[in-house]
Amino acid sequence: MDQNELKKMAGRKAAEFVHDDMILGLGTGSTVRYMVEAVAERVKNESLHITGVATSRRTRDQAEKLGIHMKSVDEVPYIDVTIDGADEIDKNFQGIKGGGAAHTMEKIVATASNQNIWIVDESKIVDQLGRFPLPTEVIPYGSTKVFQRLADEGLHPRFRLNEDGTRVTTHSKNYVIDLHMKQIQHPHLLQDWLIRQVGIVEQGLFLDLVNKVVVGTQDGPKVLD
Ligand code: 5RP
């Protein structure tokens with residue numbers, strides 16, 4: 001099976017954790033697209049009452065088109081469960097997100113959720129975080145200064161670029177600076193340092209947030225908790 005089939009396997013398996021009357025956070029990315037499709041099928045076939053809360057415009061548009069009733073994060077009192085993808089996850093369920101530049105909205109929804117389930121293909125499971133460049137979201141004003149501070153700290157920053165060479169911007173019109181560190185030895189210390197830097201809105205380390213991981217493997221879906 002190729003990577004897409006494993007993503008589909010994880011996404012469809014996670015849809016089984018959805019039940020009636022749930023407020024459900026919907027993450028972002030290609031694995032999430034499969035999960036949203038499967039959830040929409042269950043909503044239709046089993047007449048489930050689900051309220052979805054999206055972490056991006058892309059996901060909201062897809063879910064609405066498929067008939068899932070959607071609200072914004074500020075319109076719901078809490079979220080029962082959020083199901084989201086990830087770029088890397090280690091054996092302690094610490095991870096990196098933001099490959100789709102949606103990590104700030106994803107973290108807002110994740111921290112408003114009673115439970116977080118991640119859906120990944122088996123290539124995302126790592127011994128140590130950091131091979132995937134760690135995304136940060138940075139306000140354009142003064143971003144060169146932030147970039148310099150990150151470089152001085154030895155974090156190997158690079159502005160994320162579109163194919164035409166322009167800078168990628170997030171939903172909030174901020175830039176993404178990726179940190180090409182190769183290995184992150186102390187994720188909590190790095191997180192503490194990054195969130196203290198003026199100009200950085202959010203960063204892609206998701207620590208101590210995940211309760212369950214659904215992995216698409218060559219031997220079938222695996223649920224880790
Ligand atoms: C978006 C994310 C995605 O969840 C992450 O990039 C995984 O994406 P995919 O399922 O397409 O591999 O964090 O900001």
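Colleague: What confidence scores does the model carry?

Modeller: This is a predicted model, so its scores come first. The mean pLDDT of the protein is 98, with 100% of its residues at 70 or more. The ipTM is 0.98 and the pTM is 0.97.

Colleague: Into which domains is the protein divided?

Modeller: Domain 1 comprises 3-125 + 207-219, while domain 2 covers 134-202. Between their C-alpha centres there is a separation of 25 Å.

Colleague: How many residues of each domain are in contact with the other?

Modeller: The contacts involve 11 residues of domain 1 and 13 residues of domain 2. On the domain 1 side, α4 contributes the most, namely 4 residues. By class, that side of domain 1 holds 4 nonpolar, 5 polar and 2 charged residues.

Colleague: How should I read a nonpolar core?

Modeller: In general, nonpolar side chains in soluble globular proteins tend to be buried together. Here, the largest nonpolar core contains 55 residues, and M35, V39 and I119 have the most contacts inside it. Helix α2 supplies the largest share of this core, with 7 residues. Both domain 1 and domain 2 contribute, each giving at least three residues to this core.

Colleague: Which residues does V39 touch, apart from those up to four places away in sequence?

Modeller: V39 touches A15, V18, I50 and I68.

Colleague: Which residues lie closest to the ligand?

Modeller: The shell around the ligand consists of 18 residues, of which G29, T31, G85, G99 and G100 are the closest. The elements giving two or more residues to this shell are α2 (30-46) and α4 (103-111). By class, the shell has 3 nonpolar, 10 polar and 5 charged residues.

Colleague: Let us end with a single residue. Where does D20 lie, and is D20 buried or exposed?

Modeller: D20 belongs to the loop between α1 (3-14) and β1 (22-26). D20 is exposed because 11 other C-beta atoms lie within 10 Å.

Colleague: Which residues is D20 in contact with, leaving aside its neighbours within four places in sequence?

Modeller: Those contacts of D20 are with L48 and H49.

Note on methods: Residues numbered from 1 in each chain as written. Predicted model: local features only at pLDDT ≥ 70, side-chain atom pairs only at ≥ 80, totals over all residues. Near = placed C-beta within 6 Å. Nonpolar A, V, L, I, M, F, W, Y, C, P; charged D, E, K, R; others polar. Domains from an automatic or database assignment. Contact = placed C-beta atoms within 7 Å. Core = buried A, V, L, I, M, F, W, Y, C linked by C-beta atoms within 7 Å. Buried ≥ 20, exposed ≤ 12 C-beta atoms within 10 Å, placed from the backbone. pLDDT = per-residue confidence, 0-100.
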